[in-house]
Amino acid sequence: MTKRSALKRQSRDAGREGVFDTRQFSEDSKVRRLPTQTGWSPYPSNDDRDQSYMKTLKPKSDGQAELMEAIDTHNLALALGPAGTGKTYLAVAKAVEALEAGKVGRIVLSRPAVEAGESIGYLPGDMEDKLAPYLRPLYDALSDRLSMKRVKALMAEGLIEIAPVGYMRGRTLNNAFIVVDEAQNCTYVQLKMLLTRLGWHSTMVVTGDPQQSDLLPSLSGLSDIAERLEPVSGIAVVRLAEQDIVRHPLVASMIGVL
């Protein structure tokens with residue numbers, strides 16, 4: 001028996017024993033795709049997302065289209081709405097888009113580290129390790145628009161910065177795209193401090209849901225700030241609603257009754 005025949009026989013036996021699936025190596029299949037679960041999806045059957053990153057940002061509702069337009073035409077935009085309306089995702093996606101196009105020199109993402117029933121002191125590690133779970137949603141949004149390898153490279157170069165609200169005082173952010181996420185967990189004084197960080201050639205987007213604050217009642221300053229800034233020219237306040245929710249339809253149903 002020749003060496004080539006022996007290798008073919010070993011491969012055939014291995015396939016029968018379940019060591020690997022020979023169909024994965026067929027000539028007409030150049031890309032291996034992970035199995036996807038069946039169920040509800042916000043995307044039509046001919047527009048399902050695959051493993052490649054979606055580079056074209058498209059609104060899924062009229063409210064999202066209004067928010068995207070507001071970010072493009074205003075240096076300061078506030079996005080208020082219930083969970084699942086894409087506030088954070090659209091803001092981060094627009095930030096990545098501006099950075100890749102050379103419109104800004106860096107991205108600054110900020111989020112309050114507010115405990116929601118858990119104590120941050122019991123988390124292991126140093127301060128950065130303790131804050132990591134609170135900033136994780138921002139990492140998730142970034143990794144959906146860029147590969148994690150590129151995200152890490154940009155963070156190492158200082159072109160993407162993720163920092164809690166407490167680290168923003170005293171700074172002036174020029175030539176930057178700033179996203180303030182979960183702003184309903186900021187007090188009026190904190191939001192005033194954050195908004196006044198805006199520098200030259202910069203864009204700031206503030207997102208939050210006034211109905212889901214983890215602060216004590218009346219401490220959240222998001223609603224008050226939005227009402228005061230809405231009449232100011234040059235500032236856009238976009239209020240998303242239940243019809244803009246792009247998560248599972250049950251989320252919209254729950255929001256209406258909870």
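**Note on the predicted model: sheet, helices and confidence**

1. Strand β4 (residues 176-180) and strand β5 (residues 203-208) run parallel and are joined by four bridges. One of the pairs links I178 to M204 in β5. Strands (E, at least two residues) and helices (H or I, at least four) are DSSP runs, numbered from the N terminus. Two strands count as paired if DSSP finds at least two bridges between them.

2. This is a predicted model: local features need pLDDT of at least 70, side-chain atom pairs count only at pLDDT 80 or more, and totals for chains, interfaces and linings use all residues. Residues are numbered from 1 along each chain as its sequence is written, and side-chain values use heavy atoms, with hydrogens and water left out.

3. The open sheet has six strands in the order β3-β2-β4-β5-β1-β6, with parallel pairing. At its edges stand β3 (160-164) and β6 (235-239); each has a single partner strand, so one side of each lacks a neighbour in the sheet. On average, neighbouring strands are turned by 15 degrees against each other, direction ignored. Axes are lines fitted to C-alpha atoms, for helices over the stretch in contact, and angles run from 0 to 180 degrees between N-to-C directions.

4. Helix α2 (residues 62-73) lies across β1 (76-80), β4, β5 and β6, at about 165 degrees to β6. Helix α3 (residues 87-100) also packs on the sheet, touching β1, β2 (106-111), β3, β4 and β5, and its direction makes about 170 degrees with that of β4. Contact means heavy atoms within 4.5 Å.

5. K94 belongs to helix α3. Is K94 buried or exposed? K94 is buried, at a relative accessible area of 7%; buried means under 20%, exposed over 50%, and partly exposed in between (1.4 Å probe, protein chains only). Leaving aside residues up to four places away in sequence, K94 touches L57, M68, I71, D72 and F177.

6. The buried residues L222, I225, A226 and L229 sit in helix α7 (residues 222-229). They cover an arc of only 100 degrees around the axis, which puts them on the same side of α7; the arc is that of the directions from the helix axis to the C-beta atoms. These buried residues pack against β1, α6 (188-195), β5 and β6. Exposed E227 and R228 are on the face turned away from the buried side.

7. The mean pLDDT (the predictor's confidence in each residue, from 0 to 100) of the protein chain is 80, and 72% of its residues reach 70 or more. Over residues 14-38 pLDDT stays under 50, and the model has eleven contacts beyond four places in sequence for them.
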